[in-house]
Amino acid sequence: MSWSPSGKDIDFYRENGFLIARDVFDEKQLAAFDKAILKFAKLPTCQSSDRKARYPEPSKYTISHEGLLDPDLAPIANDPSIIDTVEILLGQQPCLKAFVAYLRTPGDRGTVGDYQGSSQTGHCDYKPFRPAGASLNWLFTILALADYTEEIGPLYLSPGSHKCTRLEQRGRITHVHRARADEIPPMVDSKLRRGDLVFMHMFCWHEAPGNRSNQDRWGIYNKYMGVDAPPGCGPFVFSDDAYNALNDRGRQTIRHHSHRSIGTARLIVEHQDRILMVRMKDPRNGQGAGWMLPGGVAEQRDVITDWDIGNVIASLEANVKDQTGLEIDWMTYVGDYVEGNGLCRVYARPLNELPSLPYSVEHEFYWFNEDELKVQLPSLANHFVLDAVCAWLHEPKLRGIGQSQMRAGLKAR
Ligand SMILES: [Fe+2]
């Protein structure tokens, strides 16, 4: 079955921040999704919100990217009606950034509040520390697989709330002033029924109360971003197996996949188009090794949930501070490049003021412009530096900030 939005539907989405499509999937397709989700939820390894719960104990059970490998679930990631509609609503080629099904059993407590503290229950999912939430052009596709009744827990949406968040352009970076709960229109019950498909804007406030019924509530909650709006904290990297499990149309939406994992992270510190490079000095003769971007081994240092995998900012912040003395409170993702056996995740941070750098017996510093870097190519420790610098200086991407969870205020120092 094929579905596409009318002009009126698109206008409705722009005005309200969400759109509900009905009858996109037939009962046979829905039953295949049910079967796969229940199968995963019953596995002893299935993630639950309170970690120890086992189905059907009260909890939220999460099936994430492993679902792409299941022939009953993968079709939703290949579905042309969804992908085409997402492309229209984002105005760009869509890039899948999270594939997830949630199953809430009776007694589950419902959604959590806003991480910035303005609501205990509602929130929007633009979050600068979360790979699935830190793009500046993304949306949810939510397929309800149960009737979201008053007892089982409706999906409440705040129509027009996506317009309450403000954007501010500063140089190459777009900063986000997230709306607070007291600034948004009242929530309304979206009255979702089994088979309804919601397209929901990244800034749309929503909440889902706990499940007070005696039935499970489950649905598929995928996230897509525009290909030119990378998440500030860096995207999740899908496995090659997940990529290969999809058809051609589905594969076009998986832009970040690899058999390598993120092993290092480096930072382009930029001041007026000049890039800070660092090299180790040999303490015996003062000679320098190859010039490199500050950084080093990447770790998932302050990751709270699996949804933060890919954000390696906390460890990069620490490495940059060690090497240069600079305190970096946010940075933005530029790209992934092969370094050794792994991927090097490169971020950038533009600085308005030229910072003073400490005298170091171990490190030497120099601010290179792009032409000087080209001349220095043989003495660069990493061959990808020029590509990364070029991407940062010239790619016309919509870039927002990325932060560690600690910088975003989630974890005390
Ligand atoms: Fe949410």
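Two strands pair if DSSP finds at least two bridges between them. Strands (E, at least two residues) are DSSP runs, numbered from the N terminus. The model is predicted: local features need pLDDT of at least 70, side-chain atom pairs count only at pLDDT 80 or more, and totals for chains, interfaces and linings use all residues. Residues are numbered from 1 along each chain as its sequence is written.

Strand E6 covers residues 138-144. With strand E13 (residues 217-226) E6 runs antiparallel, joined by seven bridges. E6 is also antiparallel to strand E11 (residues 197-201), here through five bridges. Leu 139 shows both pairings: its bridge partner in E13 is Tyr 224, and in E11 it stands opposite His 201.

In a regular strand the side chains alternate between the two faces of the sheet. Both faces of E6 are covered, with Trp 138, Phe 140, Ile 142 and Ala 144 on one side and Leu 139, Thr 141 and Leu 143 on the other, all of them buried. A residue is buried if 20 or more other C-beta atoms, placed from the backbone, lie within 10 Å of its own.

The largest nonpolar core has 108 residues. Such a core is a set of buried Ala, Val, Leu, Ile, Met, Phe, Trp, Tyr and Cys residues joined through C-beta atoms within 7 Å. Phe 18, Ile 37, Leu 139, Val 198, Leu 267, Ile 268 and Tyr 347 touch the most other members. E6 gives the largest share of this core, six residues. The core lies between domain 1 (7-258) and domain 2 (262-394), because both give residues to it; the domain bounds come from an automatic or database domain assignment.

Methods. A residue is buried if 20 or more other C-beta atoms lie within 10 Å of its own, exposed if 12 or fewer, and partly exposed in between; C-beta atoms are placed from the backbone. Helices (H or I, at least four residues) and strands (E, at least two) are DSSP runs, numbered from the N terminus.
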